[in-house]
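Open your viewer, load the model and keep the selection tool at hand. We will go from stop to stop, and at each one I will say what to select and what is there.

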Amino acid sequence: MIGSETLGESLFGFLESVGLYDEENPSSNPFALWKFADMLSHADEFLSGFGYTLSVSCLALLIALIFGTIGGVMATSRFKILKAYTRVYVEIFQNTPLVIQIFFLYFALPPLGIHLDVFSVGVLGVGAYHGAYVSEVVRSGILSVPKGQFEASASQGFTYTQQMRYIILPQTIKIILPPLTNQMVNLIKNTSVLLIVAGGEIMYVADSYAGDTSNYAPAYLFTALLYFIVCYPLAYFAKFYEDRLKNAHLKR
């Protein structure tokens, strides 16, 4: 298997052989091919950072789904205290920047005796932030289920918890899947805020490399490509499934 350094050296050799690279007088063009070759010689670092990004994204998504589902159910509860608690959570997290929330977890908690590593800060911060948005998605999904479903299940002796578990939430899933997928895309992209606390994810790797070498264009273009490879299929699926639901509704 060819390592990234070997690949970079091979590309440099090829560029030099065809007259596109002069080691003594390299082009200063930000999009010069030799700069991309140099970036690819550090591809292992970029891919490692991207793996870190995906790890944070997966765990943050799990937290967002847990917080969001619980919040969405509580928001539709008949108990005002539960509705109020969810409203406070949603309003605080939706109306304050994610950057400030990350700063709070990273800088404000240690003096209180709570020490979290950068990975945990990313997972908890991004997860809780998107949990507020998922909560609204779940709430709207539950409210879109006809009230007759609640009444019918209640008449059969189902408790509120059983109604949600067996009747309402299964119907809600297909309704909320498109907006939920869009939230997943936003979550993956928002892990880039960990750059501000040296999070080790792909944006931090790209920024560090670009700062050391001044190869900004190749670094950020390659990073954008990695994000696109993951996010575009998810966004396409969300649009495809949403259109499918609309067409199914129109045929009724």
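Start by selecting helix α6: 19 of its 27 residues are buried, so α6 is largely enclosed by the rest of the structure. Buried here means under 20% relative accessible area, exposed means over 50%, and partly exposed is in between, with a 1.4 Å probe and protein chains only. Helices (H or I, at least four residues) and strands (E, at least two) are DSSP runs, numbered from the N terminus.

Before moving on, a word on what you are looking at. This is a predicted model, in which local features need pLDDT of at least 70 and side-chain atom pairs count only at pLDDT 80 or more, while totals for chains, interfaces and linings use all residues. Residues are numbered from 1 along each chain as its sequence is written, and side-chain values use heavy atoms, with hydrogens and water left out.

**Along α6**

Keep residues 118-144 selected, as these make up α6. From first C-alpha to last, α6 reaches 39 Å, close to the 39 Å expected at 1.5 Å a residue; the expected span is 1.5 Å times one less than the number of residues. Where does α6 bend? Center on Ala132, where the bend is about 25 degrees. That angle lies between axes fitted to the seven residues ending there and the seven starting there.

**Into the core**

Next, select Leu98, Ile102, Ile142, Met164 and Ile168. Of the 28 residues in the largest nonpolar core, these touch the most other members. Two or more residues of this core come from each of α3, α5 (98-108), α6 and α8 (160-190). With nine residues, α6 gives the most to this core. A nonpolar core is a set of buried Ala, Val, Leu, Ile, Met, Phe, Trp, Tyr and Cys residues joined through side-chain atoms within 4.5 Å. In soluble globular proteins, nonpolar side chains tend to be buried together.

**The charged network**

How many salt bridges does a search of the whole structure find? The search finds three, a salt bridge being a side-chain nitrogen of Lys or Arg within 4 Å of a carboxyl oxygen of Asp or Glu. Show the side chains and visit each in turn:

- Glu91 and Arg87 have their closest N and O atoms 3.1 Å apart. The two are four residues apart in helix α4 (residues 80-94), so about one helical turn separates them. Glu91 is partly exposed at 36% relative accessibility, and Arg87 is partly exposed at 33%.
- Glu136 and Arg87 have their closest N and O atoms 3.4 Å apart. Because Glu136 lies in helix α6 and Arg87 in helix α4, this pair ties together parts that are 49 residues apart in sequence. Glu136 is buried, with a relative accessible area of 18%.
- Glu136 and Arg139 have their closest N and O atoms 3.2 Å apart. Both are in helix α6, three residues apart, which puts about one helical turn between them. Arg139 is partly exposed at 24% relative accessibility.

Through shared partners, these salt bridges join Arg87, Glu91, Glu136 and Arg139 into one network.

Switch to a surface view and select Leu59, Leu62, Ile66, Phe67, Ile70, Leu112, Ile114, Leu116 and Leu124, which make a nonpolar surface patch of about 760 Å². The largest share, five residues, comes from α3.

**Two last stops**

Stay on α3, residues 43-75, and pick Glu45. Glu45 is partly exposed at 43% relative accessibility.

Then select Ser214, in the loop between α9 (202-213) and α10 (216-250). Ser214 has a positive phi of about 65 degrees although it is not a glycine. At 45% relative accessibility, Ser214 is partly exposed.

**Zooming out**

Finally, color by secondary structure: the protein chain has 10 helices and zero strands. Of its 252 residues, 38% count as buried.

Technical notes:
Patch = residues over 30% accessible without salt bridge, like charges linked within 9 Å, V, L, I, M, F, W, Y side chains within 5 Å. Areas by Shrake-Rupley, 256 points an atom, 1.4 Å probe, with all protein chains shown as cover.
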